[in-house]
Amino acid sequence: MQSLTTTAVTPPRSALGGLVGNTPVLRVSEPLCPSGRGFWAKLEGFNPGGIKDRPGLHMVERARARGELLPGGRIIESTSGTLGLGLALAGLVHGHPVTLVTDPGLEPSMTRLLTAYGARVDIVPEPHPTGGWQQARRDRVAELLAEHPGSWCPDQYNNPDNTSAYLPLALELASQLGHIDILVCSVGTGGHSAGVSRVLRQLYPQLRLVGVDTIGSTIFGQPARPRLMRGLGSSIYPRNVAYEHFNEVHWVSPAESVWTCRQMASSHYATGGWSVGAVSLVAGWLARTQPADTRIAAIFPDGPQRYLETVYDDAYCARHGLMEAPPAVAPEVVGRPDEKEVTRWTRCTEVIDPLALASPARPATEGAR
């Protein structure tokens, strides 16, 4: 009797990049909004590592094309996690070693995963006295670049390639939904909100862009404070944030994000981390309060896997006071982003670059991430 044998086939590295993109959309309705109303969620967690697979690959490919990143050169960057996955993928595809600088707030599971993907993880031991963990990571990146001749840093906070990487995502949304009235995006480096809105505004000139930030973030003019939520917010002022594109901004607290993440999980089997919870809360409110025929698109940057020890861990949430009552049915409203320090879900329709304000936000405090 003839026996059958199987041989493992390793795909060419160039094929790995083909796993990114063409992610699905999901209609979200009850319980975040009444039956007959809802919003469309773009599920970027269907990429191998999440939404930042797109800029991870794109920034590396553009740097290689310009000769800034030579064959075999080391990629060194600061990350709170998700971009690290994208850069690890780009390193595998194009044959570059990758060093990722992070801080003790990175989930141990994410550190193990990045290491399994071949990246070297460098953890800074303490925050910068004024710039917090984020500035401490960036300072360490500068040290490592000096130690490794021929290395390259994507500089995700200021690199325009981080923005242009989202052209395919915008075109996917346009093809899937046909028309979009409101786009809801979380904001960290500012890349996907700027890149997607720039393209969609050319197709839909009346598009409204709603930004979602975390309390304790400086991006939209609030003072920096220690932050639990990773993946959105900042203790510096990323220059990729397209302030002129935003019609309004919402700040959301960790407890409000946790409640909404868990509501999404139990009702739609599609959820994610801090950014997904915050974006869902705001998009659900818009779906409740805008005319019923308003077409709302919300970008979900990742899935729930890396948050099993935080957002979906009852003990962790209890320790941090995150098992509170549901969020308010509507946000608090402020007239200016620097009117007062916000501590719960809050909305502002005046969006200003904090560096353009006469009295910029107070400097970051120790411990801000």
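Me: In this predicted model, how far apart are the end C-alpha atoms of helix 9?
Reply: Helices here are DSSP runs of H or I with at least four residues, numbered from the N terminus. Helix 9 covers residues 254-268, which is 15 residues. The expected span is 1.5 Å times one less than the number of residues, so helix 9 should span 21 Å, and this agrees with its end C-alpha atoms, which are 21 Å apart.

Me: Against which elements do the buried residues of helix 9 pack?
Reply: Buried means under 20% relative accessible area, with a 1.4 Å probe and protein chains only. The buried residues of helix 9 include Val258, Cys261 and Met264. With contact meaning heavy atoms within 4.5 Å, the buried residues of helix 9 pack against strand 1, strand 8, helix 10, strand 9 and helix 11.

Me: Which residue just after helix 9 takes a positive phi?
Reply: The phi in question is about 55 degrees. The residue that takes it is Tyr269.

Me: What share of the residues of the chain count as buried?
Reply: The count is made over the 369 residues of the chain. By the cut-off already given, the buried share is 56%.

Me: How were these values set up?
Reply: Residues are numbered from 1 along each chain as its sequence is written, and side-chain values use heavy atoms, without hydrogens and water. In this predicted model, totals for chains, interfaces and linings use all residues, side-chain atom pairs count only at pLDDT 80 or more, and local features need pLDDT of at least 70.

Notes
Helices (H or I, at least four residues) and strands (E, at least two) are DSSP runs, numbered from the N terminus. Buried means under 20% relative accessible area, exposed over 50%, partly exposed in between (1.4 Å probe, protein chains only).
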